[in-house]
Amino acid sequence: MTVRLSPSILAADFAALGAGVAAVEAGGADLIHVDIMDGHFVPNLTIGPPVVKALHARAQVPLDVHLMVTDPERFIDAFVDAGAAMISVHVEAATHLHRTIAHIKERGALAGAVVNPSTPVSALEDIARDLDFALVMSVNPGFGGQHFIPGSEAKVTRMRRLLDAVGNSAPVEVDGGVDTSNAARLVAAGADILVAGAAIFGTPDPAAATRALRAAALSLAEPAAAQPR
Ligand code: DX5
Ligand code: ZN
């Protein structure tokens, strides 16, 4: 059983993003999650392609760019050019989701679709076979540090089943309120990538918090994996 950790720099010190990235990489981060908010799809504004470009110059691991913007199609080229390795767009915000997913892939990035807490997994039914990953929001997007919405584990499992049903082994990512208390349950439910902001950058030692999150995430999985078959 493996899990990838994608620390969200939304909770980092924006005046010291390079140091934040280095800290979580030292703690074993697999990806860096970059939250892009437009003040329209979500009630908050964050950063754009120039900051992603600067992060790309510093980061050793791939950038996992989560677009919380209306009509994300408009920005795909700019974020790929800035160095995004993975780009996810919300099904609620993308009018022509199939075209947008195809565009991301044509540009050489991995394409993901995201569902809000109130959006059923079935909203991705007709795009599931085309996805490189699927992202389940476990908080309402827009802010870091919110409480995990109970029941999101079951939604992760439903997303895993949807992908499996179309023969797609693409990873399921989960984002929002992830911490050491729920990480193992999420992995058991089928999550392959855990995003965590406050649980990592809200601590005095983000490297140690990254290691602790991985240990917690694998705490249920490892004893089972060690069983003789
Ligand atoms: C929420 C963002 C998340 C957020 C996660 O709108 O998409 O990526 O940064 O932060 P935490 O882990 O603090 O909920
Ligand atoms: Zn996010």
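A pocket, as the word is used here, is an open set of grid points with protein on both sides within 12 Å along at least five of seven lines, and its lining residues have an atom within 4 Å of a point. Keep in mind that we're looking at a predicted model.

Start with the largest pocket. It has a volume of about 270 Å³, and 24 residues line it. Look for Gly144, Gly145, Gly176, Gly177 and Gly197, which lie nearest its centre. Sorted by class, the lining comes out as 13 nonpolar, eight polar and three charged residues. As for the elements involved, β2, β8 and α7 (198-201) each bring at least two residues to that lining.

Now put the ligand in: the space that ligand 1 takes up is this largest pocket. The elements giving two or more residues to the shell around ligand 1 are β2 (32-37), β3 (63-68) and β8 (193-196). Of these, β2 gives the most, with three residues. There are 20 residues around the ligand, and Asp35, Gly142, Gly145, Asp175 and Gly197 come nearest. The shell splits into nine nonpolar, nine polar and two charged residues.

Zoom in on the polar contacts and you'll find the protein backbone at work. A polar backbone atom of Gly197 sits 2.7 Å from an oxygen atom of ligand 1. For Gly177, a polar backbone atom is 2.8 Å from a ligand 1 oxygen, and a backbone N or O atom of Ala198 is 2.9 Å from one. How much of ligand 1 does the protein bury? Taken alone, ligand 1 exposes 380 Å², and the protein buries 99% of that.

Technical notes. Residues numbered from 1 in each chain as written. Chains lettered and ligands numbered in written order. Predicted model: local features only at pLDDT ≥ 70, side-chain atom pairs only at ≥ 80, totals over all residues. Heavy atoms only, no water. Near = heavy atom within 4 Å. Polar contact = N/O pair within 3.5 Å; in protein donor to acceptor, adjacent residues only side chain to side chain. Areas by Shrake-Rupley, 256 points an atom, 1.4 Å probe, with all protein chains shown as cover. 1 Å grid on protein atoms, 1.4 Å probe; cavity = no way out; pocket = protein on both sides within 12 Å on 5 of 7 lines; lining within 4 Å. Sits in = over half its atoms within 2 Å of the grid points. Helix = DSSP H or I, 4+ residues; strand = E, 2+ residues; numbered from the N terminus. Nonpolar A, V, L, I, M, F, W, Y, C, P; charged D, E, K, R; others polar. Points joined across faces, edges and corners; volume = space filled by probe spheres on them.
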